[in-house]
Amino acid sequence: AIRGSIDPIARAMARAGLTANRLTVIGFLIAALGGVGAALGWWLVAGIVSTGGAAFDMFDGAVARVTGTTSKLGAFLDSSFDRWGETAVYLGIVIGCTRAGFEVGAWLAAACMGQAFMVSYTRARAESLGFSSGRGMAAVGLAPREVRTAILGVGLVGAGLAGDVTMAPDPSTGALILAAALGLIAILAAITTVQRILFVVRQAR
């Protein structure tokens with residue numbers, strides 16, 4: 001259903017001269033701007049922009065599909081820039097939380113970054129060794145990138161709408177919302193990593 005709704009948009013993008021690889025880079029740049037917003041403490045802006053950048057992850061693949069230009073290079077660039085963009089957002093959150101004196105938020109963002117890498121690595125390594133079938137490892141686990149992006153977007157927007165992210169004299173509502181979102185991402189991503197490891201173990205047996 002989602003593919004059917006975005007394919008017409010993808011065709012319009014292709015007619016406008018946007019290739020899949022260009023959209024991949026544009027999505028990364030938008031995500032990086034979201035990271036800058038988080039570093040500056042502009043939480044609402046960071047949430048909207050970073051989520052918008054992640055949305056381009058749908059369109060680059062859709063453009064490649066409707067124009068018949070799918071390739072291994074495109075898939076490689078897509079995955080690489082996705083990880084790069086996700087890193088930029090989490091790094092921005094670490095910086096923004098540190099500047100706001102919200103150390104717990106910085107620790108949670110760092111944990112999210114590490115767990116996100118583990119989710120991606122287990123998929124990439126398993127698929128490179130042939131341990132996947134059907135839709136592959138993308139279908140395994142509770143928190144693939146789309147789920148993590150949605151939760152993070154809600155957390156950042158909620159923190160921005162609630163006001164400042166501070167810890168003095170007491171944790172602000174914005175800090176609690178952001179911490180809850182980051183904690184949920186870290187836990188779900190860790191569970192996803194375990195699920196993918198167990199998936200490979202079962203296939204190996």
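**View 1. Helices α3 and α6 are roughly antiparallel to each other (an angle over 145 degrees; under 35 counts as roughly parallel, 65 to 115 as roughly perpendicular and the rest as oblique).** The model is predicted, so local features need pLDDT of at least 70 and side-chain atom pairs pLDDT 80 or more, while totals for chains, interfaces and linings use all residues. Residues are numbered from 1 along each chain as its sequence is written, and side-chain values use heavy atoms, without hydrogens or water.

Helix α3 spans residues 43-67 and helix α6 spans residues 145-162 (helices are DSSP runs of H or I with at least four residues, strands are runs of E with at least two, and both are numbered from the N terminus). The two helices pack at an angle of about 160°, and their axes are 7 Å apart (axes are lines fitted to C-alpha atoms, for helices over the stretch in contact, and angles between N-to-C directions run from 0 to 180 degrees). The crossing of α3 past α6 is left-handed (the near helix is turned anticlockwise from the far one by less than a right angle; clockwise would be right-handed). On the α3 side, the residues that meet α6 include W43, I48, A54 and D57; on the α6 side, those that meet α3 include R145, E146, L156 and L161 (contact means heavy atoms within 4.5 Å). Nine nonpolar, six polar and three charged residues make up this contact (Ala, Val, Leu, Ile, Met, Phe, Trp, Tyr, Cys and Pro count as nonpolar; Asp, Glu, Lys and Arg as charged; the others, Gly among them, as polar).

**View 2. Helices α2 and α3 are also roughly antiparallel, with axes that come within 8 Å and cross at roughly 170°.** From α2, the residues that meet α3 include A20, T24, I30 and A38. Their counterparts in α3 include W43, V49, F56 and D60. By class, this contact holds 14 nonpolar, seven polar and one charged residues.

Apart from neighbours within four places in sequence, T24 is in contact with D60, L77, D78 and F81. A38, likewise in α2, is buried at 0% relative accessibility. With residues up to four places away in sequence set aside, A38 touches W43, A46, G92, I93 and G96. The C-alpha atoms of A38 and G74 are separated by 29 Å, and the two residues are 36 residues apart along the chain.

**View 3. The largest nonpolar core of the model contains 28 residues.** Such a core is a set of buried Ala, Val, Leu, Ile, Met, Phe, Trp, Tyr and Cys residues joined through side-chain atoms within 4.5 Å. W43, Y90, I93, L152, L178 and L182 touch the most other members. Two or more residues each come from α2 (20-39), α3, α4 (72-99), α5 (103-128), α6 and α7 (173-204). Helix α7 provides the largest share, eight residues. W43 touches residues including A38, I93, C97, L156, V165 and L178, not counting those up to four places away in sequence. Another core, of ten residues, lies apart from the largest one and has I6, A20, L23 and A62 among its members.

**View 4. Helices α5 and α7 are roughly parallel to each other.** They pack at an angle of about 25°, with axes 8 Å apart, and α5 passes α7 in a left-handed crossing. Residues of α5 that meet α7 include G105, C112, M118 and R123; those of α7 that meet α5 include A179, L182, I185, R196 and V200. This contact has 15 nonpolar, six polar and two charged residues.

**View 5. In helix α7, A181 is buried, whereas L176 is exposed.** The relative accessibility of A181 is 8%, and that of L176 is 52%. Apart from neighbours within four places in sequence, A181 is in contact with I151 and G155. A181 and L73 are 108 residues apart along the chain, with their C-alpha atoms separated by 34 Å. L176 and G158 are 18 residues apart in sequence and 9.8 Å apart in space, C-alpha to C-alpha.

Definitions and conventions:
Buried means under 20% relative accessible area, exposed over 50%, partly exposed in between (1.4 Å probe, protein chains only).
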